Amino acid sequence: MLHQQIIQNKRKTILVLLVYTLLFLTVGIAIGYFMFDDILIGTIIATVLGGIYAIAMLSQSTEIVLKRNHAHQITEEMYPMLWHIVEDMAIVAQVPMPSVHVIQDDSPNAFATGMSPDKAAVAVTTGLLKRLNREELEGVIAHEFSHIKNYDVRLQTILVALGTAIALLIQFSSYGMRFGGRHKSNNNDKNSVLGIVLFIVSILAIFLAPLLSTLTQLALSRNREYLADATAVSFTRNPQGLISALQIISQSPDMKGVDPQSAALYIASPIHKKEKDSLFATHPSTANRIARLRNM
Amino acid sequence: MVWLIILGIVAIVVLWGIATYNGLVKSRGWIKEAWAQVDVQLKRRNDLIPNVVSTVKGYAKHEQETLEKVIAARNQLVNMQGATPQEIMETSNQITGALKSIFALSESYPELKANQNFLSLQEELTNTENKIAYSRQLYNSSVVNYNIKVQSIPTNIIASIGGFKEESVLETPQEERNVPKVSFD
């Protein structure tokens, strides 16, 4: 099952990169239409700028995700118990030891990130360390290790990085929409069919691209949680730890400084926890996850 | 033409045999590597035990018997060169039990429980106990993986030619069967 997931995740990664390339191009058309009156220039600008930006984001994606979530790297001496649990899980999951990070936040939560299992990072909040006992913490860390092992982290980290790049391009093009109006009034094919089509495509791109990028991220993240829970139990041989950890996490207040782009990375949704399996949920409901764990 | 086909088949069989043999060697190597992990943790624990005993001694003078039991089991484990993994794990399980009773002691000695040195030793020992449990889990899954290969057709032909014997898994003590790790708190 894990093996299949790995293949699936690698395939999805390619798909995601393709979808985002299309999104970049569409946004490029919008920028071209509103700012330069020439879709070719806009497309070239968006492809070049977006491409450079996306490559820069991807090469530093792990650092960016950690930084956006205010995670600080720790050593063994600072949090011995956390460090030792991460070491233990690296043994059973048979992956190299990832870097360990802590987020100063009272709400208990955790995530893993990284482009490959041998360059992964695990981050937990101080609230998690305060409220969970060793057994529960082990469940959470094991869950994160299953994401690392089945390449979920790579897929999700790429999504965060590309989502950020799209957001920047959209900002750039909506700026052009506001100030490019005067420039556009000289446009001689303003009333032509092509002009109208381009206008509609541009508007759609600007409003739909962020939504589409969020929806892709959400759809890809929801289903993987069940598998990660199941794999976590095969590591610790103890569903109880994860069950009680999920209960504690779901009953806690929202995280304060959370980055919305990264919400899907966390073990349980860090913001507005609507406990429903809706289209807009990043995670399946805790009740459903616990019910499945109980049946193991 | 016929000779060519026969030659081709022979070549394929020989190549398959070599690949299978190497696969078995690799699987057996993983078992050894997994055991090395267990061994490292056992040694680490052996080094930690004298420190724990000397720390506890100062606070719990009337618990000589419990402390001696741990030391005795530890010394036995240190002198077990050449024993099978199964025998070593049996002695190790005794130490785990004896350590549990030492840490249970701390409940009746508040000063000991507040001692910083004792607390960090407790974390270190919990850590090695868990690592022993998890590397044992890894050892067992490597053994199962290897045994499946040795038993399956047609790999078993190469296994019997090459003298690959089944390995046995490390038994888990009954009370630990569901929860492999140990929490002393």
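In this predicted model, A:H101 stands opposite A:A123, a residue of strand β4 of chain A. Chain A has twelve helices and four strands, whereas chain B has six helices and zero strands.

- Strand β4(A) covers residues 121-125, and because five of its five residues are buried, the strand is largely enclosed by the rest of the structure.
- In a regular strand, the side chains alternate between the two faces of the sheet.
- In β4(A) both faces are covered, with A:A121, A:A123 and A:T125 buried on one side, and A:V122 and A:V124 buried on the other.
- One partner of β4(A) is strand β2 of chain A, residues 99-103, and these two strands pair in the parallel sense over five bridges.
- Another partner is strand β3 of chain A, residues 110-113, which runs antiparallel to β4(A) and is joined to it by four bridges.
- Within this antiparallel pairing, A:A110 has A:V124 of β4(A) as its bridge partner.

**Chain A as a whole**

- Of the 296 residues in chain A, 54% count as buried.

**A loop residue in chain A**

- A:R237 is found in the loop that links helix α10 (224-236) to helix α11 (239-250) of chain A.
- The relative accessibility of A:R237 is 46%, so this residue counts as partly exposed, a class that lies between the 20% cut-off for buried and the 50% cut-off for exposed.
- Although A:R237 and A:G139 are 98 residues apart along the chain, their C-alpha atoms are separated by 9.5 Å.

**Chain B as a whole**

- Read along its sequence, chain B follows the pattern α-α-α-α-α-α.
- The radius of gyration of chain B is 23 Å, well over the 16 Å that the globule rule gives for 185 residues, and chain B is therefore more spread out than a compact globule.
- Taken along the principal axes, the box filled by the C-alpha atoms of chain B is roughly 90 × 25 × 25 Å.
- Of the 185 residues of chain B, 42% count as buried.
- Residues 24 or more positions apart supply 77% of the contacts in chain B that have a separation of 6 or more.
- Chain B exposes about 10,400 Å², with 59% of this area supplied by carbon and sulfur atoms.

- B:N46 belongs to helix α1 of chain B, which takes in residues 2-59.
- The relative accessibility of B:N46 is 8%, so this asparagine counts as buried, the cut-off being under 20%.
- When residues up to four places away in sequence are not counted, B:N46 touches B:R74, B:L77, B:V78 and B:I95.

Key. Residues numbered from 1 in each chain as written. Chains lettered and ligands numbered in written order. Predicted model: local features only at pLDDT ≥ 70, side-chain atom pairs only at ≥ 80, totals over all residues. Heavy atoms only, no water. Rg over C-alpha atoms; globule rule 2.2 N^0.38 Å. Buried < 20%, exposed > 50% of the residue type's maximum accessible area, 1.4 Å probe, protein only. Contact = heavy atoms within 4.5 Å. Areas by Shrake-Rupley, 256 points an atom, 1.4 Å probe, with all protein chains shown as cover. Pairing = 2+ DSSP bridges.
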